Amino acid sequence: MNDINEEIIETSEDTAAAENAAEETDEKPKKPFADALDWVSCMVYAVAAMLALNLFFFRSITVSGPSMLDTLKDKDKVVATNFCYTPAYGDVVVIQADKLKNKLTDMWGEPIIKRVIAVGGDTIRIDFSKGEVYRNNELLEEDYIKDLTFFRQDDSWIEGNKEYTVPENTVFVMGDNRGVSNDSRNLPQVGFVDTRFIMGKAFVRVSPIEDFKWL
């Protein structure tokens, strides 16, 4: 009886070994450069994903000019997003300059970066003699600005101490460097900016790397 059991076990082991050998024989040899092709495919998919993210969710923008000093300086690079974004007070936003009211602006065709001071339905008033900005009759505490808001270039800009209501679906924006910034104070060229022309909120400065900063 034991001999029979031993034969059955040995036969089973021989059958399993034969099957494994057959499987090894049936395995097809790898094609040359298969690993390289897989690597290239992964790289292509990764680049495509990055481009999609950049197109639909994130944008890299280079700051041009001194209008956002001291927050941002010329040639700084920031990353902006418009994913599920609604403009809010204090946001640093990227705006399509070619969509502004007057196409004669020097920044025609280039994105500009400003700070949201008021949104649709708010009132805005600036006392240029004191450099004070009021939103909904409350004096703003603006620790981000370089200088107080004394600058009013000419009579085409908003009037001092006059209250303006920001239209719905628009924002009132200004640069942090109030003495040089061309912004919503300039009614003919910028004025109240349609929210559709906001490309996104700048949320981080990535270059120069030593000045990395969340905005």
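**Salt bridges, strands and surface**

Biologist: Which residue does arginine 196 form a salt bridge with?

Modeller: This is a predicted model, where local features need pLDDT of at least 70, side-chain atom pairs count only at pLDDT 80 or more, and totals for chains, interfaces and linings use all residues. Residues are numbered from 1 along each chain as its sequence is written, and side-chain values use heavy atoms, leaving out hydrogens and water. A salt bridge is a side-chain nitrogen of Lys or Arg within 4 Å of a carboxyl oxygen of Asp or Glu. In this pair the closest N and O atoms are 2.9 Å apart, and the partner of arginine 196 is aspartate 194.

Biologist: Aspartate 194: buried or exposed?

Modeller: Buried means under 20% relative accessible area, exposed over 50%, partly exposed in between (1.4 Å probe, protein chains only). Arginine 196 counts as exposed because its relative accessibility is 65%. Aspartate 194 has a relative accessible area of 19%, so this residue is buried.

Biologist: What does glutamate 142 pair with in a salt bridge?

Modeller: The closest N and O atoms are 2.8 Å apart. Glutamate 142 sits in the loop between β7 and β8, and the partner, 36 residues apart from it, in the loop between β9 (170-174) and β10 (193-194). Strands (E, at least two residues) are DSSP runs, numbered from the N terminus. Both residues are buried, and the partner is arginine 178.

Biologist: How many salt bridges does the model have by this rule?

Modeller: Glutamate 159 and lysine 162 make one of them, with the closest N and O atoms 3.9 Å apart. Counted by this rule, the total is 11.

Biologist: Which are the edge strands of the open four-stranded sheet?

Modeller: Two strands pair if DSSP finds at least two bridges between them. The sheet order is β7-β6-β5-β8, with antiparallel pairing. Each edge strand pairs on one side only, and these are β7 (138-139) and β8 (164-165).

Biologist: Why is phenylalanine 58 partly exposed?

Modeller: Phenylalanine 58 lies in strand β1 (residues 58-62). Phenylalanine 58 counts as partly exposed because its relative accessible area is 33%.
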